[in-house]
Each structure stands twice: as structure tokens, then as C-alpha cells.
Amino acid sequence: MNLAPLTALGPVDGRYAGKTAALRPIFSEYGLIRRRVIVELRWLQALAAEPGIGECPPFTAEETALVNGLLDNFDEGCAARVKAIEATTNHDVKAVEYWIKEQFELHPGLAARGEFVHFACTSEDINNLAYGLMLADARADVVAPALTALTDRLATLAAELAEVPMLSRTHGQTASPTTLGKELAVFVARLDEHRRQFEAVEILGKMNGAVGNFNAHRVAYPEVDWQALTARFIAALGLQQNRHTIQIEPHDYVARLFDALRRAQVTLIDFSRDVWGYISWGYFRQRLVDGEVGSSTMPHKVNPIDFENAEGNLGISNALLDHFSNKLPISRFQRDLTDSTVLRAIGTAFGHGMIAFASLERGLGKLETNRERLAEDLDAAWEVLGEAIQTVMRRYGVPEPYEKLKALTRGQAITPETLQTFVDTLDIPPEAREALLALRPETYVGDAAALARMR
């Protein structure tokens with residue numbers, strides 16, 4: 001079968017291909033090969049710029065343009081040629097080295113530097129930096145902007161609904177009223193912090209040889225300050241040097257990055273479930289979409305499918321991110337190859353996350369607030385004012401205020417008249433009594449509206 005969204009093995013490149021397209025140039029095999037080429041060629045340029053490495057002289061302006069042209073013009077055809085070479089070498093990084101040398105053969109000045117391609121490198125020197133570039137690009141260009149846009153949309157909705165009162169439920173039972181906007185603002189605050197931590201993780205890299213000690217480097221050019229050279233090189237890629245490594249960069253930063261993203265996505269699972277519940281209670285209606293079917297047999301249904309889809313895909317993404325965080329920092333002695341195959345799956349984790357983000361954006365766009373239903377629930381829950389009444393009783397020294405309100409309200413159907421009769425018996429100042437008698441469930445929301453607007 002030809003590879004297409006209809007015949008893809010998994011939904012990330014199949015059913016949901018349109019929602020993950022922005023990740024394809026980053027996490028595909030092409031994306032990995034291209035970034036390996038970037039690392040190899042930039043390393044060669046760094047070596048040529050180092051005065052102590054006389055056998056690899058600085059590039060002329062023409063040669064620099066040729067090298068940069070290889071990067072600028074690297075396309076799927078180039079990547080396919082690398083894969084063809086790999087079919088012979090059975091080694092993916094060596095295939096990149098040979099492809100570069102193949103290109104250099106067309107230009108005598110570049111060909112003379114051929115053996116400085118991949119100089120003093122282990123494959124992991126190239127791979128860890130290539131994956132670092134992939135993660136940096138995915139974070140900056142795709143994931144962080146999507147998370148920011150989703151959070152901003154929630155913040156806007158929170159402000160719009162700041163003063164819409166809503167009955168809270170703690171332990172599934174009626175509780176002190178809030179506003180719909182304030183409850184959304186809680187998710188905004190959580191997501192803002194998760195995003196800050198996600199964006200703050202430094203992406204590290206190493207370029208220190210077979211076991212992290214610059215062994216071959218020191219023998220070949222003992223006078224070169226290899227630690228300083230590699231620090232400059234890694235910084236020029238936009239990454240931070242990790243000085244202490246084995247053959248591989250230990251992946252601790254990868255775990256930190258994935259844990260930060262996973263926490264943000266846990267919060268989005270929490271949000272998806274809450275909105276699902278609010279829809280089921282009727283607090284939100286869903287705007288109808290022409291031609292859309294809710295159930296194959298029950299034509300009346302408008303299911304909260306976007307929030308269900310988001311919850312499911314976030315769960316898959318988080319399961320993978322959790323595995324990556326637990327597995328990748330572990331390597332037997334100075335190197336084993338278990339991280340290699342695992343790293344190839346990180347695009348899948350990001351893909352399911354992006355599918356979820358798109359579903360949440362779609363779901364939010366269909367929500368309509370049902371203020372009548374919200375008001376109906378509040379008007380049926382006058383017992384929630386017991387908290388306010390007993391707190392005022394405490395202020396004025398009325399004996400056993402909690403116990404008296406517990407006896408009055410717990411498990412009882414409370415009406416406005418029941419509370420009025422109780423309040424009228426209290427030995428408290430008249431102004432306090434009047435304030436309690438004026439209180440209604442929909443006005444007992446504290447600072448919720450102000451909190452909803454804070455960010």
C-alpha cells in the first residue's frame with residue numbers, strides 16, 4: 001500500500017495528520033537527518049575557524065557559501081540519498097558523513113577537508129545535538145505557541161464569564177458558590193506556570209567524544225582548548241553545554257522538559273473533565289455544527305466529543321512522556337543503545353498532544369453558557385449560605401454556630417424562608433442580620449469575579 005493518511009499505521013500520521021503537520025518537518029526521519037547535517041557542517045566550520053587546527057584551514061567566502069548552500073537546500077531528495085547510503089552502511093550517522101563527503105567531492109577546496117567531517121566525533125555527539133535542535137524547534141515553533149494560544153483563549157473566556165455565578169461542588173456535593181469565570185481562571189493560572197517551567201528548561205548538548213573526556217581530541221591537537229571550543233560551538237547552535245557526560249548526554253534535561261509538558265497536559269485533562277461535567281449538567285451548551293452527527297442511533301445527542309478526544313490523546317501523550325522521563329536518563333555504564341529507539345518516538349508524544357490542543361480549541365469554540373441552568377441550580381441550593389451565617393455567628397460570639405447550622409442544613413431541604421426564620425432568631429447586630437437576610441446564593445461569591453480577571 002502507498003503511504004498516505006488513509007494507510008498510515010498510526011493516527012498521528014493518519015486520521016489526525018492535518019493536526020500534526022507542523023511537527024512533521026521536526027520529528028520525521030527527514031527532520032532528524034537534516035539536523036544531523038546541520039551539526040556535522042557547523043562542527044566542520046567551527047574546526048576550520050580554530051587557529052590551532054592548521055590542517056583544516058578557514059573557509060573562503062565561496063566555500064562558506066557552498067557549505068551554507070548544502071544546509072539551505074537540503075530537501076527530501078537529499079534525505080533520500082542519505083537513506084540510500086545507509087542501506088549499505090547500516091549506520092545512520094555514518095551515512096550522513098558519507099553524504100557530506102559525496103557533496104564535497106564536487107568542490108576541490110571542500111574535498112580537501114573531507115576527513116575533518118565528523119572529526120573526533122562519536123555518533124552520539126551528532127545525535128544528541130540533533131535531538132536538542134529538534135526539541136528546541138518543537139518547543140519554540142509549535143508546542144509553546146499552541147499552549148499559549150489555548151491559555152490565552154481560556155483567559156479571555158474567564159474574563160467574559162467573570163461575574164456569572166455558579167454553584168460549586170466539592171466531593172460532588174453542593175458547596176459555596178463561585179463564578180464560572182473564576183473556575184476557568186484557576187486553569188489559566190496553572191497553565192501559565194506550567195508553560196513558564198516548560199519554556200525555562202535549558203536544552204543541553206555535548207561534543208566531547210566517545211566517553212565524554214575529549215580523548216581523541218587531546219591526542220590529535222593537545223594545544224587546542226577543546227572545552228572552550230565545544231562550548232562556543234554548542235552555544236552557537238542555541239544550546240547549553242553539558243560538561244559532564246558519558247558517551248551520551250544523560251537526558252536529564254529531556255526528562256525535565258517532558259515532565260513540565262506532562263504537568264501542563266495533566267492540567268488540561270483536569271480541565272477537559274470539568275468542562276465535560278459542566279456540559280452534562282447543562283451549564284454549557286454546545287453550538288450545533290451543520291451536518292455533524294452526535295450518535296449513530298440517538299439523533300438528539302450533541303456529545304462533548306472534543307473534550308473526550310482531548311482527554312484521550314493527552315493520556316496517550318503523557319504515558320509516552322512519562323516513559324521517556326523514566327527511561328532516557330538511564331544508560332548502562334558509559335553507553336547502551338536503548339535510548340536510540342526510544343528517542344525516535346518523541347514525535348508521537350508531541351503529536352498526540354497537538355491533536356488534543358486542536359480538539360480543545362475546537363471544543364471551546366462551540367461552548368455557549370446556559371445562564372438559566374446555572375441560576376436554577378443556585379436557587380435550589382440555599383443551604384450553601386450556612387457557611388456565611390455560621391461565620392458571622394462566630395464573629396459575634398453566638399454559641400456553637402457550626403453545630404447549629406449543621407443541625408439546620410445537613411441533609412435538609414433548605415428554603416429562603418427556613419434561613420430567614422433562623423437568622424431572625426440570632427442575637428447579632430441589626431446591620432449584620434440585614435446583611436445575612438439580603439444574601440442570596442448567586443451573590444455569595446466573594447472575590448470570584450476579581451480573581452477571574454487576574455492574570
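In which helix is D274 found? D274 lies in helix α11, which covers residues 252-281; helices (H or I, at least four residues) and strands (E, at least two) are DSSP runs numbered from the N terminus. The structure is a predicted model, in which local features need pLDDT of at least 70, side-chain atom pairs count only at pLDDT 80 or more, and totals for chains, interfaces and linings use all residues. Residues are numbered from 1 along each chain as its sequence is written, and side-chain values use heavy atoms, with hydrogens and water left out.

**Overall form**

- The chain contains 20 helices and six strands.
- Its radius of gyration, taken over C-alpha atoms, is 31 Å, well over the 23 Å that the globule rule gives for 455 residues, so the chain is more spread out than a compact globule. The globule rule is 2.2 Å times the number of residues to the power 0.38.
- Along the principal axes, the C-alpha atoms fill a box of roughly 100 × 55 × 40 Å.

**Burial, contacts and surface**

- Of the 455 residues, 49% are buried; buried means under 20% relative accessible area, exposed over 50%, and partly exposed in between (1.4 Å probe, protein chains only).
- Among contacts (heavy atoms within 4.5 Å) between residues at least 6 apart in sequence, 77% join residues at least 24 apart.
- The chain exposes about 22000 Å², of which carbon and sulfur atoms supply 53%; the areas come from the Shrake-Rupley method with a 1.4 Å probe, and for residues only the protein chains shown count as cover.

**Residue D274**

- D274 counts as partly exposed because its relative accessibility is 29%.
- The C-alpha atoms of D274 and E183 are separated by 9.6 Å, although the two residues are 91 apart along the chain.

- Helix α5 (residues 92-104) has 13 residues and should span 18 Å at 1.5 Å a residue; its end C-alpha atoms are 19 Å apart, which agrees. The expected span is 1.5 Å times one less than the number of residues.
- Ten of the 13 residues of α5 are buried, so this helix is largely enclosed by the rest of the structure.
- The buried residues of α5 include W99, I100 and F104, and also D92, E97 and K101.
- The cover over the buried residues of α5 includes α2 (29-48), α3 (61-72), α4 (76-89), α6 (108-111) and α7 (123-160).
- Helix α14 (residues 346-365) should span 28 Å with its 20 residues, and its end C-alpha atoms are 29 Å apart, which agrees.
- α14 is mostly covered, with 15 of its 20 residues buried.
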